[in-house]
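Dear colleague,

I am passing on a structure that you have not worked with before, and below it I have set out what was found. Please read the notes with the sequence and the 3D view open beside them.

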Amino acid sequence: MAGKTIIKAVLRREFLLSVRNASASLNGVWFFVLVCGLFAIGIGPDKEQLGGLAPGLIWVTALLAVMLSVDALFRHDYADGSLEQLLLAAHSLYFLVLARLMAQALLIAVPLALVSPLLALMLGMKAAGLPVLILSLLLGVPTLVMIGAIGAALTVGFERGGLLLALLVLPLYVPVLIFAAAAVVSAADGYTYAGQLMILAAQFVLAVALSPLAVVAGLRLNYYH
Amino acid sequence: MRLSRVYVSIITIRHRGLGKATYNLLMWSWFHKFGSPRWFYDFSTRVLPWLAVLCAAFLLVGVVWALAIAPSDYKQGNSFRIFYIHVPTAVISLVGYYVMAIAGAVSLIWRMKLADIVMKEAAPIGALLTFVALFSGAVWGKPTWGTWWVWDARVTSMLILFFLYVGVIALHKAFDNPEQSGKACAVLSLVGTVNIPIIYKSVDWWYSLHQPATIKFTEESTIHPDMFWPFLVITTGFYLLYAVALIANTRLGILQREYRTQWVRSRLQE
């Protein structure tokens, strides 16, 4: 296992980078708000209709926002060579990658979760669904980051990997989308939602355990010559 | 201790001349042979015609039996006969994903070139089968459900399976270096393998209109034997077709990958 100091260093670096480059980190949030607005404009201002669609719309938009943020996850480090240094480090890559993904998951999930109630109210979702919407984003977005990182690692060598990344990753996002949207719909309609949230948590645990393995394999193959 | 004793006894078998085949089997030489594209190419040259003939026979008998002889369904009439195309392609498209993923795992673990080629060639075949299953399902859905397309659990999972295949194909095409693309596709297909059961279960939970599976191995099937036997024949035919297509495409892949070598040139000049 990698030493505690290096994991701390990785976490510190991630948080510092995101604070120093706050405007880039906020792009995902702006995208989230903007696309929800586009949906409202495209579908029409009928709040009844929008309210019913809101859980699905918000979740699909969040999923796209995560995918677009994750695309840049390793690209900078690949370009400037620090990724290569990370791969050469004498520490277990699994834990280094895991630390990094955890930091990114937090940095992506929390802002989205914080903005989501505002969007939900703008779209006319029932207020009973709001706490569950926040919870589902906090539980589901980290899973999406973990899965998306696999695609990001595989496509890091391509200058424009965005569309390819979407093709690789979006089919794998289906289970999270199903249970997250279902939890919010259930809560908004006044039904029980604990089961869906537990399944989201289970998916998160599975993703944390397995995805770093695939990410490490994906990063390594870019240095294969 | 024990392992060395086993080896000693294997060597004595060899010395006593008790059969080269036994010796080869025990010493894993089949495994090394199978990893050699050249050996596979020559082996498949001999086997493929027989397999193709067998496949044609099964398909011919199956098609005639299923379309002309088998009784029509009392509710669905003749439209139920689409079942004989729909179900085998749907089953094999799913099996095909596992074939691809296992080949990917073998190529990742043992760096076996042949497995790498098999994995890449399995992707387009699987995608085509998935498409046929979806298309035949749409054609079947119109007379029975009254609509071409429904967002039903199994239809949706087939659609996702199709995109999982498309992802592997797209990733494969994106790399210039065959070794890198092999590794990338292997990782992706293994990730997909972990996800397929999760996707199936979650989509299942989501909504369901599809009729429940009628052929069960553990209990009494709800399909009549007169309908079941032609199904078995035609499914065997489809499996053979899958094998023939995979072997033929793999041969092509071998030629493309190894075109610089001496043996490929000599085979092509023959």
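How many residues does helix α5 of chain B have, and how far does the helix reach from its first C-alpha to its last? The model is a predicted one, and in it α5 of chain B, residues 83–110, has 28 residues and reaches 40 Å between those two atoms, which is close to the 40 Å expected at 1.5 Å a residue. Just after α5(B) comes B:Arg111, which takes a positive phi of about 50 degrees.

As for the rest of chain B, its secondary structure comes to 10 helices and zero strands. Chain B has 270 residues, of which 43% count as buried, and it exposes about 15,300 Å², with carbon and sulfur atoms supplying 68% of that area. If one takes the contacts in chain B between residues at least 6 apart in sequence, 77% of them join residues at least 24 apart.

The next point concerns empty space. Rolling a probe the size of a water molecule over the atoms shows where such space is left. The count comes to one cavity of 30 Å³ or more, and the largest cavity has a volume of about 60 Å³. Its lining draws on both chains, with A:Leu167, A:Leu168, A:Pro171 and A:Leu172 among the residues from chain A, and B:Tyr97, B:Phe163, B:Leu164 and B:Leu188 among those from chain B. Three helices each supply at least two residues of this lining, namely α8 (162–169) of chain A and, from chain B, α7 (153–174) and α8 (178–206); of the elements involved, α7(B) gives the most, with four residues. By class, the residues lining the largest cavity divide into nine nonpolar and two polar, with no charged residue.

There is also a pocket to look at in chain A. The second largest pocket has a volume of about 830 Å³ and is lined by 27 residues, of which A:Ala24, A:Ser25, A:Ser69, A:Ala72 and A:Gln104 lie nearest its centre. Helices α1 (4–20), α2 (22–43), α3 (47–71), α4 (75–80) and α6 (93–123) of chain A each supply at least two residues of the lining of this pocket, and the largest share, eight residues, comes from α2(A). The lining of the second largest pocket has 15 nonpolar, eight polar and four charged residues, whereas the lining of the largest cavity has no charged residue.

With best wishes

Definitions and conventions
Residues numbered from 1 in each chain as written. Chains lettered and ligands numbered in written order. Predicted model: local features only at pLDDT ≥ 70, side-chain atom pairs only at ≥ 80, totals over all residues. Heavy atoms only, no water. 1 Å grid on protein atoms, 1.4 Å probe; cavity = no way out; pocket = protein on both sides within 12 Å on 5 of 7 lines; lining within 4 Å. Points joined across faces, edges and corners; volume = space filled by probe spheres on them. Nonpolar A, V, L, I, M, F, W, Y, C, P; charged D, E, K, R; others polar. Buried < 20%, exposed > 50% of the residue type's maximum accessible area, 1.4 Å probe, protein only. Contact = heavy atoms within 4.5 Å. Areas by Shrake-Rupley, 256 points an atom, 1.4 Å probe, with all protein chains shown as cover. Expected span 1.5 Å × (residues − 1).
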